[in-house]
Amino acid sequence: MKKSLLTIVLFFSLANLSFAQWKTRLGANVLLLPLRTLEVTAEFQKHPAYSLTLHSGYVHRSGYIGLSGLKFDDMIDERATSGWFGKVGGRLYLLSVTGKEPATNIFIGAQVIASGYNQSGVRRDDMNNSSEDIKASGLLVGGALTGGLTFKLSKRFRLETGVQYGFQPQRNNYVGSIVRNYQPGFGVSRGGEPVRSIQGFIVLSFLL
């Protein structure tokens, strides 16, 4: 965990030096904190209408599966997911194409996501009244589309909210069903081919 946090800090420090001539915002996705997920964000702009975005984060033994209300049992208990993720992408601010920066704005964007994961759980065998510990790990790369709103709170602080809709390759090495999976960086998996996922965000950011 400490190594992952150090990697995140170094990542954004180097990124900030690389884009020193650009307007830089740093933030955090507070919506994911209850899911034991830290996601920090950086955005770099030369023009109000477009930006480059970098995200990095870590999930620490989250038991979240997203579809807990679904009447479906994959015979897995004590599920826990950990893992790191990184995202690189861009945004287009639809109300800033003329160069203006309104207090409220609309954006659309796209990202490439790399996700490394480690999962553990207990598989039940109700017929034989037994169980076994199981584990799975892997690394996958996919993409996502994003959209949302930004709200200027002050000269330096901004709030943004929106949805990320991701696409990731189909894999079989998960603990339990893919439709009950929380993938680091992608969010809740919804099945399909390729696998679709969804994740919300509420980011509080600060202009350096």
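Which residues are linked in a network of salt bridges? Glu43, Arg91, Arg158 and Glu160 are, a salt bridge being a side-chain nitrogen of Lys or Arg within 4 Å of a carboxyl oxygen of Asp or Glu. The model shown here is a predicted one, where local features need pLDDT of at least 70 and side-chain atom pairs count only at pLDDT 80 or more, while totals for chains, interfaces and linings use all residues. Residues are numbered from 1 along each chain as its sequence is written, and side-chain values use heavy atoms, with hydrogens and water left out.

Here is the overall layout. The chain has 1 helix and 10 strands, taken as DSSP runs numbered from the N terminus (helices are H or I with at least four residues, strands are E with at least two). Reading from the N terminus, the order is α-β-β-β-β-β-β-β-β-β-β. Of the 208 residues in the chain, 44% are buried; buried means under 20% relative accessible area, exposed means over 50%, and partly exposed is in between (1.4 Å probe, protein chains only). The accessible surface of the chain is about 10,900 Å², and carbon and sulfur atoms hold 61% of that (areas come from the Shrake-Rupley method with a 1.4 Å probe, and for residues only the protein chains shown count as cover). As for contacts, meaning heavy atoms within 4.5 Å, 65% of those between residues at least 6 apart in sequence join residues at least 24 apart.

Next come the salt bridges, 10 of which turn up in a search of the whole structure. One of them pairs the side chains of Glu101 and Lys23, at 3.2 Å from N to O. This pair links distant parts of the chain, with Glu101 in the loop between strand 4 (76-93) and strand 5 and Lys23 in strand 1, 78 residues apart. Lys23 has a relative accessible area of 33%, so it counts as partly exposed.

Asp74 has two partners to look at. It forms a salt bridge with Arg180, whose closest N and O atoms are 4.0 Å apart. Arg180 is in the loop between strand 7 (157-168) and strand 8, and Asp74 is in the loop between strand 3 and strand 4, so the pair ties together parts that are 106 residues apart in sequence. Arg180 counts as buried because its relative accessible area is 11%, and Asp74 does so at 14%. The side chain of Asp74 also makes a polar contact of 3.1 Å with that of Arg79; such a contact is a pair of N or O atoms within 3.5 Å, where within protein one must be able to donate a hydrogen and the other to accept it, and residues adjacent in sequence count only if both atoms are side-chain atoms. Arg79 itself lies in strand 4 and is buried at a relative accessible area of 11%. A polar atom of the Arg79 side chain is 2.9 Å from the backbone oxygen of Val175.

Now for the nonpolar parts. In soluble globular proteins, nonpolar side chains tend to be buried together. The largest nonpolar core here has 8 residues, namely Ile113, Tyr117, Leu140, Ala144, Tyr174, Ile178, Phe186 and Val195; a core is a set of buried Ala, Val, Leu, Ile, Met, Phe, Trp, Tyr and Cys residues joined through side-chain atoms within 4.5 Å. Strand 5 (104-125) and strand 6 (130-152) each supply at least two residues of this core. Apart from it lies another core of 5 residues, including Leu32, Leu35, Val59 and Tyr182.

Gln183 belongs to strand 8 (residues 182-183) and, at 0% relative accessibility, counts as buried. Setting aside neighbours within four places in sequence, Gln183 is in contact with Tyr117, Leu140 and Tyr174, among others. The side chains of Gln183 and Ser115 are joined by a polar contact of 2.8 Å.

On the surface, Leu26, Val30, Leu33, Leu153, Phe157, Leu204, Phe206 and Leu208 form a nonpolar patch with about 670 Å² of accessible area together. Patches take residues with over 30% relative accessible area and no salt bridge, joining like charges within 9 Å and nonpolar side chains (Val, Leu, Ile, Met, Phe, Trp, Tyr) within 5 Å. Leu33 lies in the loop between strand 1 (23-29) and strand 2 (37-47), and counts as partly exposed at 48% relative accessibility.
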